[in-house]
Amino acid sequence: MLSGKKLGIIGAGKLGEAIAQGLMTHGVLSASNILCSVKRDDSIARVKSKLGIDATLDNVAVARESDVILLAVKPQNVERVAHDIRAVVQPSQLVLSVAAAVTTGYIEERLEKPIPVVRAMPNTPASINAGMTAICKGKFATKEHLSMAEEIFRAVGEVVMLDESLFDGVTALSASGPAYIYVVIESLAEAGVKLGIPRDVSTLLAAQTTMGAAKLALETKQHPALLKDSVTTPAGTTIDGLLELEAGGLRVTLIKAVVKAAERAGQLVKK
Ligand SMILES: NC(=O)c1ccc[n+]([C@@H]2O[C@H](COP(=O)([O-])OP(=O)(O)OC[C@H]3O[C@@H](n4cnc5c(N)ncnc54)[C@H](OP(=O)(O)O)[C@@H]3O)[C@@H](O)[C@H]2O)c1
């Protein structure tokens, strides 16, 4: 479905670059089928040298030349970009937005035409084909548009289709999630250092353990509590560690962190 199509990325920052990188690495699109726009002059050289794709400051040119227009600017810049491109964007194109908190309705309204819009909420592990993306469609998009978006994000990880009303929660859980996990990895590594393990080895132990535990949960589909029990020998060492986690309120803290981030997502952009 995507083959031979042009993808225009408006806002090739951290996430825009990660998606472009993932698509090229996995052979979904070649560099010649991707173009992008950025805000600052010096970003053009960065994108060209890092990704080998054409970059410009001209959002209108990117919108005009693309079959799929990916909006990957900060939420507060979506209004400006929609204003820039609304005269050239056509109903035959697909506008795909990854901006947190920006609804499909918000974009449709500002494009002032029946433009198909799909909203996606990916995360940065997309750059290594380990992304997690939720997608939903706006009122002018069809199942085919949704499939095209799915193809893009399937190339860089897992995809789920969800109701748009759940997107602030998805933003807080899986889009912000890598940051929470890095704090966990960093903290476990610090513990290793405290116990005399060299920092590089300690970080490897922590990161590989995090990945292995996640893989086991995904592959076995067992409830995390059962997997936890399988590590916890009666009167062994793990139960003492778990008791410290409970005393420190890790569960409640994580739940509250995600709920707080979802509340913030709901406030980012006026609807
Ligand atoms: N980072 C994540 O983990 C993540 C996850 C899910 C969703 N998102 C969403 O993805 C979007 C981008 O986030 P990010 O972290 O990638 O931000 P970022 O690194 O700051 O990238 C934003 C990009 O937008 C460009 N830009 C700003 N104003 C522009 C304009 N008027 N026209 C064209 N380009 C413009 C910037 O250009 P310069 O490079 O020249 O400054 C930059 O390349 C956000 O809406 C965010 O909510 C991010």
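A polar contact is a pair of N or O atoms within 3.5 Å, and within protein one of them must be able to donate a hydrogen and the other to accept it, while residues adjacent in sequence count only if both atoms are side-chain atoms. The model is predicted, so that local features need pLDDT of at least 70 and side-chain atom pairs count only at pLDDT 80 or more, whereas totals for chains, interfaces and linings use all residues. Residues are numbered from 1 along each chain as its sequence is written, and side-chain values use heavy atoms, with hydrogens and water left out.

A polar side-chain atom of Arg46 lies 3.5 Å from an oxygen atom of the ligand, and a polar backbone atom of Arg40 is 2.7 Å from a ligand oxygen. A nitrogen atom of the ligand, in turn, is 3.0 Å from an N or O atom in the side chain of Asn59. Taken alone the ligand exposes 900 Å², of which the protein buries 85%; such accessible areas come from the Shrake-Rupley method with a 1.4 Å probe, and for residues only the protein chains shown count as cover.

The elements that give two or more residues to the shell around the ligand are helix H1 (14-25) and helix H2 (41-51), where helices (H or I, at least four residues) and strands (E, at least two) are DSSP runs numbered from the N terminus. In total, 26 residues surround the ligand, and the closest are Lys14, Leu15, Arg40, Ser43 and Val73; a residue is counted as near if one of its heavy atoms lies within 4 Å of the molecule. The shell divides into 14 nonpolar, seven polar and five charged residues, with Ala, Val, Leu, Ile, Met, Phe, Trp, Tyr, Cys and Pro counted as nonpolar, Asp, Glu, Lys and Arg as charged, and the others, Gly among them, as polar.

Seen as a whole, the chain contains twelve helices and eight strands, and its C-alpha atoms fill a box of roughly 70 × 40 × 30 Å, taken along the principal axes. Of its 271 residues, 40% count as buried, where buried means under 20% relative accessible area, exposed over 50%, and partly exposed in between (1.4 Å probe, protein chains only).

Cys36, found in strand S2 (residues 34-37), counts as buried because its relative accessibility is 1%, and its C-alpha atom is 14 Å from that of Ser97, 61 residues apart in sequence. Ser202, in helix H9 (residues 199-220), is buried at 4% relative accessibility, and a polar atom of its side chain lies 2.7 Å from the backbone oxygen of Ala189.

Lys221, placed between H9 and helix H10 (224-231), has a positive phi near 55° although it is a residue other than glycine, and it is exposed because its relative accessible area is 71%. Ala235, in the loop between H10 and helix H11 (238-247), likewise has a positive phi, of about 60°, without being a glycine, and it counts as exposed at 81% relative accessibility. Pro114, in the loop between helix H5 (104-111) and strand S6 (117-121), is partly exposed at 45%, and its C-alpha atom is separated by 8.5 Å from that of Lys139, 25 residues apart along the chain.
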